[in-house]
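This report goes through a structure for a reader who is new to it. The sequence and the model come next, followed by notes on selected features.

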Amino acid sequence: MRSIFWFRRDLRLRDNPALAEAARISTDVIPVFVFDPGLLASAGPARRAFLADALDDLNRQLGGALHITMGDPAEVLSSLAAGLGVSAVVATGDHTPQARRRDAAVTAALASIGVESRYVDTPTLGAPGAYRNGSGQPFKVFTPYFKAAALTHVPEPLEPISADWRAIPSTVDPHVVLRPSQASTFPVSLVDAPPPTALPRGGETAALHRLEQFDAVVDTYDEQRNFPALDTTSRLSADLHFGCLHPRQVIAQIAGPSDGRKAFIRQLYWREFYADVLAENPRTAHEDLNPNGVAVDSGPIANERFIAWALGRTGYPMVDAGMRQLLTEGWMHNRVRMLTASFLIKDLHLDWRWGAAWFMWRLVDGDVANNIHGWQWTAGVGTDASPYYRVFNPTLQAERFDPDGTYIRRYVPELASITGSAVLQPGGGGAGGLFSNGYFEPMVDHAAEREEALGRLERSRLRS
Ligand SMILES: Cc1cc2nc3c(=O)[nH]c(=O)nc-3n(C[C@H](O)[C@H](O)[C@H](O)COP(=O)(O)OP(=O)(O)OC[C@H]3O[C@@H](n4cnc5c(N)ncnc54)[C@H](O)[C@@H]3O)c2cc1C
């Protein structure tokens, strides 16, 4: 029997149970990747570059047999299956709202021509709904979810799959398809923001290398993970998003008795949790999980403020360092993601969706579940409503998590020559302050905006 293996968010040969299934049921397997124009349009420059690398790496490992094509997956796969005498299309399951719609259409199209579709495994450890609370309901907060999920045995990763790959020439060149495109949905000043210049290599080979490197430093993760200048988190997020690694492999390598290892594994389960929350609540891809009715600004001034935030020109050094890290690396440290998100929502009073869209466009690890629910958490409309009261103070955050200003100086060149703690203060440094170096005046007064944010929350409470 001949099958198609449809690669999606599982761009690897190791520990790929769906690929193992295709190899088990078939005498020859046609490995296929389909560019879906709808999905492609939402991929910014960092994810495009990472995906191009990942496809190169996969194709190399498959001995050049990867068939890369483009179009509506339902049409493309049924036409390939019909033309090549394929009996089954096998893929790893995917439970994002968009993936479910797509897979339902593919399954129906294949069934109509008598071809079976088989979805095996998921990009997460457990399929959505795998863990439930005592009343059989989905968990709504992380800690009990983690306690339940962490009890479940994680199977050992599978060996790399080999099969009789059948090569069909590709119809598109991925490097042409994945050239950076413009972000037409953003204000014009953001459309031309240059692509990142310091991106990680994508692909299974690079991901395994990163995992090895992280294994050597993970024992201090619990102490160091909140200090962005140290840069000692795993940076595996894009690998996990594209499935160049599965979390099973991460756990097999990293799990261990040290506090660093335990803290890291716990953190990894946030990804599991948010995938579950999104799968249980598909509407949250666009809507608040728990709306709080806080008014947000719009109009020309709001647009200008959004642009200043997105380009790292707020005049708050730690916020700007984070936004510039995002621009140059397509990645931002988690502590700074929380701070920059809080600044957009609570200092600028903008809709979290604006920030989430910019993150999604620029991040190499842009992932709908993690991104949307990271933003909703910060906005106090997600899985934990209390963070609305927790307004991050950008100066105190800098003092606490970048006390000598190393992170700020690394990403804000205008401030690179300012020594000591003056670099942490908006407008700091005495006469002329930071502005003398071409840096920006603080665009808002944090103390006043904090009051404004809490006042808006109070007013929304009175209205409801
Ligand atoms: C506003 C906001 C937006 C975010 N957007 C994304 C996104 O689009 N894609 C994304 O992968 N993560 C997102 N995160 C979560 C987190 O910031 C990143 O996963 C993390 O910074 C990636 O770096 P790392 O791999 O070095 O993390 P590590 O600290 O090494 O963590 C290991 C892995 O655990 C998972 N993880 C860690 N923290 C979280 C978290 N808070 N939520 C969900 N998963 C987590 C990730 O898969 C990560 O790769 C967002 C967080 C916030 C606050």
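**Ligand shell**

Domain 2 (125–155 + 202–280) and domain 3 (300–463) each give at least three residues to the shell around the ligand; domain bounds come from an automatic or database domain assignment. The model is predicted: local features need pLDDT of at least 70 and side-chain atom pairs count only at pLDDT 80 or more, while totals for chains, interfaces and linings use all residues. Residue numbers start from 1 along each chain as its sequence is written.

The ligand is surrounded by 27 residues, and the closest are Thr 233, Ser 234, Ser 237, Asn 371 and Gly 374. A residue is near a molecule if its C-beta atom, placed from the backbone, lies within 6 Å of it. Among the helices that each supply at least two residues of the shell are H16 (334–347) and H18 (368–379); helices are DSSP runs (H or I, at least four residues), numbered from the N terminus.

**Helices H16 and H18**

H16 and H18 pack with their axes 9 Å apart, at an angle of about 60°. Axes are lines fitted to C-alpha atoms over the stretch in contact, and angles run from 0 to 180 degrees between N-to-C directions. The two helices, H16 and H18, are therefore oblique, since angles under 35 degrees count as roughly parallel, over 145 as roughly antiparallel, 65 to 115 as roughly perpendicular and the rest as oblique.

In H16, Arg 337, Met 338, Ala 341, Ser 342 and Ile 345 meet Gly 374, Trp 375, Thr 378 and Ala 379 of H18; contact requires C-beta atoms, placed from the backbone, within 7 Å.

Key:
Contact = placed C-beta atoms within 7 Å.
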